[in-house]
Amino acid sequence: MATTELAPRTRGGDARAAGAALLLGSALSNQVGAATAALAFPVLGPPGVVAVRQWVAAVVLLAVGRPRLRTFTARQWWPVLALAAVFATMNLSLYTAVDRIGLGLAVTLEFLGPLAIALAGSRHRTDLACAVAAAVAVGALMRPQPSTDYLGMGLALVAASCWACYILLNRTVGRRLPGAAGSAAAAGVSGLLYVPIGVFAMLHHPPTPGALAAALTAGLLSSALPFLVDLMALRRVPTQFFGAFMSVNPVMAALVGLVLLDQRLDAVAWAAIGVIVAANTVAVLRRAG
């Protein structure tokens with residue numbers, strides 16, 4: 001009898017452990033991809049690298065989602081087009097921010113987008129405390145210093161706003177279109193939007209084989225692979241666990257930036273990252289409870 005009772009729990013524990021490993025791998029892939037993209041910035045510039053990333057994402061997601069575009073109604077097309085615009089703006093603003101202020105700081109500020117969604121509209125004391133803590137942490141990250149790049153920080157906040165819009169639009173797209181069809185269509189449209197941008201960037205910044213390889217690798221590691229891995233992880237872990245585990249991304253970005261790009265953060269920045277991660281985790285888990 002004891003063995004029978006423990007078996008489902010063991011299987012559930014194994015599934016959750018596998019899901020956590022997948023999510024950790026997804027976060028690592030995403031941030032290593034961003035660091036790899038940064039290596040191509042000196043040659044292609046952020047717009048050129050983002051164009052290649054969008055093309056890779058479009059090819060992979062269209063192959064996976066296989067959307068039947070001719071069957072889309074106007075009611076289905078408008079959130080898809082809005083999501084495509086968000087894709088295009090979010091990645092360009094984030095990569096430009098990474099180029100100016102570094103990977104760890106850019107990703108941490110971008111992470112304020114999902115944190116804002118988690119806290120939006122709540123009057124619960126815990127959520128209000130999380131919001132205050134996050135605001136103090138952001139103030140610490142953006143404190144005036146001789147080397148402060150406010151344009152880079154502003155672009156990271158634009159990416160944060162886009163991430164918040166991405167979450168809201170994905171809910172609408174998911175309700176109106178089956179499976180990954182909506183996301184795939186949005187990625188395809190975004191890829192088309194970047195054709196003139198990418199061509200212009202590469203005409204003015206001719207790509208070297210190394211830079212092009214880095215941009216292609218970034219597209220695979222930051223777009224295609226995380227998307228597929230996250231789908232696998234969501235089959236193994238609850239949605240609230242997935243949301244809380246996303247908090248690992250700012251920490252992972254700071255560590256990858258340190259190891260691969262030699263981008264060093266001071267103690268105040270590390271503490272601020274920790275506070276923002278903790279605020280998101282508490283907010284997501286409280287909502288789930």
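Which residues of the largest nonpolar core touch the most other members?

## Nonpolar cores

In this predicted model, where local features need pLDDT of at least 70, side-chain atom pairs count only at pLDDT 80 or more and totals for chains, interfaces and linings use all residues, the residues in question are Val49, Tyr95, Leu103, Leu109 and Ile276, in a core of 75 residues. Residues are numbered from 1 along each chain as its sequence is written, and side-chain values use heavy atoms, with hydrogens and water left out. A nonpolar core is a set of buried Ala, Val, Leu, Ile, Met, Phe, Trp, Tyr and Cys residues joined through side-chain atoms within 4.5 Å, where buried means under 20% relative accessible area, exposed over 50% and partly exposed in between (1.4 Å probe, protein chains only).

Helix H1 (residues 2-65) gives the most to this core, with 15 residues; helices are DSSP runs of H or I, at least four residues, numbered from the N terminus. Apart from this core lies another, of six residues, including Leu22, Val229, Val237 and Phe242.

## Surroundings of Tyr95

Leaving aside residues up to four places away in sequence, Tyr95 touches Gly33, Ala34, Ala37, Phe41, Pro46, Val49, Val50, Arg53, Ala218 and Ser222, contact meaning heavy atoms within 4.5 Å.

## Cysteines

A search of the whole structure finds zero disulfides, a disulfide being a pair of cysteine sulfur atoms within 2.5 Å. The sulfur of Cys165 lies 6.3 Å from the closest cysteine sulfur, that of Cys162, which is too far for a bond. Cys165 is partly exposed, with a relative accessible area of 37%, whereas Cys130 is buried, at 7%.

Key: Helices (H or I, at least four residues) and strands (E, at least two) are DSSP runs, numbered from the N terminus.
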